[in-house]
Amino acid sequence: MAEDLLKKVETDDMEELLEDDSQKGMYMTFQIGKELFGISISYVNEIIAMQPIAAIPEVDDYIKGLINLRGKIIPVIDVRVRFKMEPCEYTDRTCIIVIDVKSTMIGLIVERLADVDTIAEDNIAPPPSLGRKEHEHNKYVFGLARTGDTVTLLLDPEKLIRQDDIVTAMEEVRKEEQS
Amino acid sequence: MAEEFNTESMLDMFLYESGQLLEKLEGIILEKQDADCFDDADINEIFRVMHTIKGSSGVLMYENITKVTHKLEDVFYYLRESHPDDVPHMELVEKVLAVSDFVTGELDKLKNGDTPDGEEKELVEDLDEFLGRLKGEIKKQGIQMPQANKHVEPTQFYITPVAGDDSHFYRISIHYRSDTQMSNLRAYSATYALKEVAEDLLYTPDDILSNEASADVIVAEGFHMLLQTKSSKEDVIALIDSSEAEEINFDELSKEEYGRALGEFGREEAEPVAAAPAAAKDDGNKGNKEAKKEGPKPGDYVVKTKEAGKGKTLAKNQPKQQSIISVNVEKMDALMDLIGELVIAEAVVLQNPDLKVPGLELSNFQKASGQLSKITTELQEVIMSMRMMPLTNTFQKMRRIVFDVSRKLGKDIELEVVGENTEVDKNIIEHITDPLMHLVRNSVDHGIEEDPADRTAVGKSSKGKITLEAKNEGGKVYISVKDDGKGLNKEKLYQKALDKGLIENKPMSEFTDKEIFRFITLPGFSTKEEVTEYSGRGVGMDVVVKNIQSISGRLDISSVEFEGSEMTLVIPLTLAIINGIVVQVGNSPFVIETASIKEFVRVGEDSLISEPSGEEYIVLRGECYPFIRLNERYDLPDSNDKIEEGIIVVLEHEGSQVCVLIDKLLQEQEIVVKPIPSYVRKVKGLSGCTQLGDGSIALILDIAGLLMHDGERR
């Protein structure tokens, strides 16, 4: 199922997208729980089917482990767990979106891919802050987009993979290089 | 990604190329430092190096570098052409090193984005004086040039290029302003530009690159060219850089006039022409101290045809073919990843379930697949060997250090180098250069006795000896720095460590020799009373050990008092590949480096000792070892808790041992070590990850980390 969808997305939309330079306003949308989330297509490297993940001990629970992407070893995080939702079983609809944020490759496990949408700036509204302040995932969501009668929560991948994660990792690398 | 690799600018090329050349230069110099003189090949090589650096620095307008290299080039030009005897070899070596240091310094400035503003004047004058003395000496002693320097010039015939009907002939004279610097180089760039369009080009003075005196001639008399070309006058004028020129005369000639002008330029058709070196030879023969000031004489003109390329000096030297190209490491790594992928993809194809249809005739397929496997295996071997580099360059740096430090300290030291061709992974070379430098400096400074009399008193030759040796044994590389100096004094080391409070207050007899020697690697330990320029701050040795440990190597120290010491770095051949054993705990595969495994045992519940605090120990043959259950440590589900059903692996790291409980052994294989992505925070006890044959990922256990972790927990 997921693979069919992948194929569709890759052949239909991705090619168009890649040919068309203006990836602006294009969002890859996916479903987690009942909500629809979107991530700017410019971050997305590729989409792969779920595959065996090698768990790493002693890390935050949302870091599921490592996968082997054609010889490159990249970490994957479960977006559901990241949003502090109950983890759910991985099915054949579960996909990994490989994103590239500031040269760091990371896989995002999402329940189900939805589509690739063009969302006009006008349709994006900032998330309402009232009453939702304590809500955890608000910080990853930079906007709400309305398309028809559905609402998509647009994610900021840089916040999603947590800025400080990268910073501390970079520091460690630098320290190691120095010693 | 491609863009990342295309950022190399001209400056990068210059820095890279010059750096390489200087390294080569130092190599030659230091190799021959103890010889009496350089042989012809060396002189040619040094000349060529200087010539190249001069050329490229001239193009980039780094005048100080140009001047210095130019001067040294002069010196070697003289040596090459005149073969003077009695060259003060040591002085010459120093001069070359001084130039090399100067240029290296300037290159460093460029690398940091500064302007190369080093003062070259002193060095140039020094070289000038040296060259003067070389030439003077010959005059003074009246030595006839040896026969050997009747250098037979390759006879150059001139064949007039066929002049087409539409060819134009020009006589061009450029007069530079009298204060123009390096007018010869400017003239050269003019000829270089004209060569693009020229069918034929002659110029005088002809030796603008090899003879710096020509600069004076050009300023005084102008620079004259004869040009045969199809281009129009305007085009030609546009090609000539007129920035420093005072006046450019541009005459168009008829074919007949051109022929006559050729005669003026000293060229007769199809007749051998004396080349510039002959002029220099004459100068040498006369021993004329003023030779440099003299301009070339008529008749010294040389033929230059279009094909002359970069000038005859280069062509004559027959520069050695560069057989090395530099490749971005990222590209290499990408290639390595891809090849790894290829091997897996190959397995997927060859063991494809579709092939298992009964009754399928596959003999051709089998043949072809056998061939494919062979190629991929070879491909893997090649890419692995590409990462390996000989230690030659590293050792060369050490030669330089021994040379410098021993001269500064006034010690007479001979350096013997063994096995410099030993190949080590490039990453490792980067890590060992600094530690090795410390060790070599220490040996020169502390190892070898200050007073040669101390040496002869114990029956050693007065000349100190340091041996630098590299060898490859059992997947490890041993690099040792051995001196025949005074050795380590155990009492002194012990006393010092005690005084500084670096060790427990135990009598000396309770320490083994090895332990005592290891004191010198403690932070803040230095037995040298005085801090010298080179060593003695007591920061050296602990940094050495740290650096070596970071690449999972170790430092062995052995010493006999009055006979010398030996420091041996034991490092893995490569960081990229280790021989490992794949084990399974729960559902996760782990890799343990084979070298750190002492044994596998199965024990019963009765060998287990549990402390009330939860600490556990395993007793094996009367010895008690700390015990780690990997499944508990890393919280792995579905694993077995019963000690008699699992397997105990006894691991050793730097003398301490630990027992680890695993579920089962999977296989032994060579694995490619990859770092855990930096996004994931460092986990203690894991040193990396790897890809197994089936493409799944296994984590590599880091024994040192496990032990440390264990210690912390207590």
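This is a predicted model: local features need pLDDT of at least 70, side-chain atom pairs count only at pLDDT 80 or more; totals for chains, interfaces and linings use all residues.
I will begin with chain B by itself. Chain B has 714 residues, and 47% of them are buried. Its secondary structure comes to 22 helices and 22 strands. If you take the contacts in chain B between residues at least 6 apart in sequence, 71% of them join residues at least 24 apart. The accessible surface of chain B is about 35,600 Å², and carbon and sulfur atoms hold 51% of that surface.

Now the contact between the chains. How many residues does each chain bring to it? Chain A brings 30 residues and chain B brings 23. Between them the two chains bury about 2,300 Å², with 65% of that area on carbon and sulfur atoms. On the chain B side, the residues that lose the most area to chain A are B:Tyr679, B:Arg681 and B:Ile697. Together these three account for 35% of what that side buries.

Which elements of chain B supply at least two residues each to the side that touches chain A? They are the helices α13 (329–350) and α20 (540–550), and the strands β21 (686–691) and β22 (697–701). Of the elements in chain B, β21(B) gives the most, with 4 residues. By type, the residues on this side of chain B are 9 nonpolar, 7 polar and 7 charged.

Last, the specific pairings across the contact. The count of salt bridges between chain B and chain A is 0.

Methods. Residues are numbered from 1 along each chain as its sequence is written. Chains are lettered from A and ligands numbered from 1 in the order in which they are written. Side-chain values use heavy atoms; hydrogens and water are left out. Contact means heavy atoms within 4.5 Å. Buried area is the accessible area (1.4 Å probe) that two parts lose on being put together, summed over both. A salt bridge is a side-chain nitrogen of Lys or Arg within 4 Å of a carboxyl oxygen of Asp or Glu. Ala, Val, Leu, Ile, Met, Phe, Trp, Tyr, Cys and Pro count as nonpolar, Asp, Glu, Lys and Arg as charged, and the others, Gly among them, as polar. Buried means under 20% relative accessible area, exposed over 50%, partly exposed in between (1.4 Å probe, protein chains only). Accessible areas come from the Shrake-Rupley method with a 1.4 Å probe; for residues, only the protein chains shown count as cover.
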